[in-house]
Amino acid sequence: MKNGLLNRKNKKQLIEDIRSEDHERITCSFYKYVKINDTSNIRNKLYSKFQKLNILGRVYIAKEGINAQISMPRNNHEKLISLLDDFNEFKNMEIKPSISKSNYSFIKLTIKEKDKIVADGLDTKNIVSSYKGNYLSAKEFNDAMEDPDAVIVDIRNYYESEIGHFEKALCPDVENHRELLPKIKNMLKGKENKKLLLYCTGGIRCEKASAYLNKHDFKDINQLKGGIISYVHQVKKEKLACKFKGKNFVFDSRMGEEITKDIISTCHQCDNPTNSHVNCNNQACHILFIQ
């Protein structure tokens, strides 16, 4: 790997670089399940091109596709779209802007080759699932939640759903995505014929969850297109009722975006209402908790 394709600066230098910028940054996310043969070549090309556009963030490349959360200068948005369209694998990719603003959501660029773009723990040789669940817009998702027999399922970890979730959602008590799908299957036992309404942060985890549940004989599988991020943008644009309460957890320095003023979680130490996550400073711990 070429030396220019890795970050060589320390945290202080990286923050100073961002502080000296004279432009506003936006945080975005995108993903695509698509067959990628030469992941190393794609990784190196993307790194070089992203550097030129001053893009920071975390990107995973695997034979099954790409998963990215990035920060970039606002005026480079159209250039990013053009850059991605130059790759046959990444044409017409939906890029979702974040809900809240921060110039410091990411401070460096990391692009890694992975076995999978989401660590789902599934023992499967299928690179890209051919099954697609039924996608719902924000309005359609709201309408579907009015059905008393519908089952709303949070396809996220417990520390995400504990600070914010849809009303009446089933929220699995798991710490990572590898444990999530078998847990959900067990929670839904006996509900194989119910209307399932799946949601996650940006939509990527619902893709595998839909295929997994379909494989296990669930009949009516629906997923929120674009996840919570897209839902909130649509709610604001179309002036819909927001049925998501609290914060949307995000995997960057912000650790959360306020969707509503509702605080549905409490401090893990004193039980007072709060929804702010912190990482334990103990080097042997680093557990994520609410304080």
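The following questions and answers examine a predicted model of one protein chain.

Q: How many helices and strands are there in the protein chain?
A: The model is a predicted one. Buried residues account for 48% of the 291 residues in the protein chain. Its secondary structure comprises eight helices and 14 strands.

Q: Among contacts in the protein chain between residues at least 6 apart in sequence, what percentage join residues at least 24 apart?
A: The contacts considered here are those between residues at least 6 apart in sequence. Of these, the share that joins residues at least 24 apart is 69%.

Q: What is the order of the strands in the open sheet of four strands with parallel pairing?
A: The edge strands, each pairing on one side only, are strand 6 (134-136) and strand 7 (151-154). Neighbouring strands of this sheet are turned by 30 degrees against each other on average, direction ignored. Strand 7 pairs with strand 9 (residues 195-199) in the parallel sense over four bridges. The order of the open sheet is 6-10-9-7.

Q: Which residue in strand 9 stands opposite Asp154?
A: Strand 7 and strand 9 are parallel partners joined over four bridges. Within this pairing, Ile152 stands opposite Leu197 in strand 9. The residue opposite Asp154 in strand 9 is Tyr199.

Q: Are the residues on the two faces of strand 7 buried or exposed?
A: On one side of strand 7 are Val151 and Val153, and on the other are Ile152 and Asp154. Both faces are covered, and these four residues are all buried.

Q: At about what angle does helix 4 run to strand 9?
A: Helix 4 (residues 138-145) lies across strand 6, strand 7, strand 9 and strand 10 (220-224).

Q: How are helix 2 and helix 3 oriented to each other?
A: Two packed helices are described by the angle between their axes and the distance between the axes. The axes of helix 2 (residues 39-52) and helix 3 (residues 77-85) come within 11 Å and cross at roughly 160 degrees. Because angles over 145 degrees count in this way, helix 2 and helix 3 are roughly antiparallel.

Q: How are helix 6 and helix 7 oriented to each other?
A: The axes of helix 6 (177-187) and helix 7 (residues 204-215) come within 11 Å and cross at roughly 40 degrees. The crossing of the two helices is right-handed. An angle under 35 degrees would count as roughly parallel; at roughly 40 degrees, helix 6 and helix 7 are therefore oblique.

Q: How do the residues of the contact of helix 6 with helix 7 divide by class?
A: Helix 6 contributes His177, Leu181, Pro182, Ile184 and Lys185. Helix 7 contributes Arg205, Lys208, Ala209, Tyr212 and Leu213. The residues of this contact divide into six nonpolar, one polar and three charged.

Q: How many of the nine residues of strand 3 are buried?
A: Strand 3 (residues 65-73) runs antiparallel to strand 1 (residues 25-33), with nine bridges between them. Strand 2 (56-62) is also antiparallel to strand 3, through seven bridges. Strand 3 is mostly covered, and the number of its nine residues that are buried is eight.

Q: Is Lys168 buried or exposed?
A: Lys168 lies in the loop between strand 8 (164-166) and helix 6. Although not a glycine, Lys168 has a positive phi of about 65 degrees. Because its relative accessible area of 81% is over 50%, Lys168 is exposed.

Q: What is the relative accessible area of Asn54?
A: Asn54 is placed in the loop between helix 2 and strand 2. Asn54 has a positive phi of about 60 degrees although it is not a glycine. The residue is partly exposed, and its relative accessible area is 28%.

How values were computed:
Residues are numbered from 1 along each chain as its sequence is written. This is a predicted model: local features need pLDDT of at least 70, side-chain atom pairs count only at pLDDT 80 or more; totals for chains, interfaces and linings use all residues. Side-chain values use heavy atoms; hydrogens and water are left out. Two strands pair if DSSP finds at least two bridges between them. Axes are lines fitted to C-alpha atoms, for helices over the stretch in contact, and angles run from 0 to 180 degrees between N-to-C directions. Contact means heavy atoms within 4.5 Å. Angles under 35 degrees count as roughly parallel, over 145 as roughly antiparallel, 65 to 115 as roughly perpendicular and the rest as oblique. Buried means under 20% relative accessible area, exposed over 50%, partly exposed in between (1.4 Å probe, protein chains only). A crossing is left-handed if the near helix is turned anticlockwise from the far one by less than a right angle, and right-handed if clockwise. Ala, Val, Leu, Ile, Met, Phe, Trp, Tyr, Cys and Pro count as nonpolar, Asp, Glu, Lys and Arg as charged, and the others, Gly among them, as polar.
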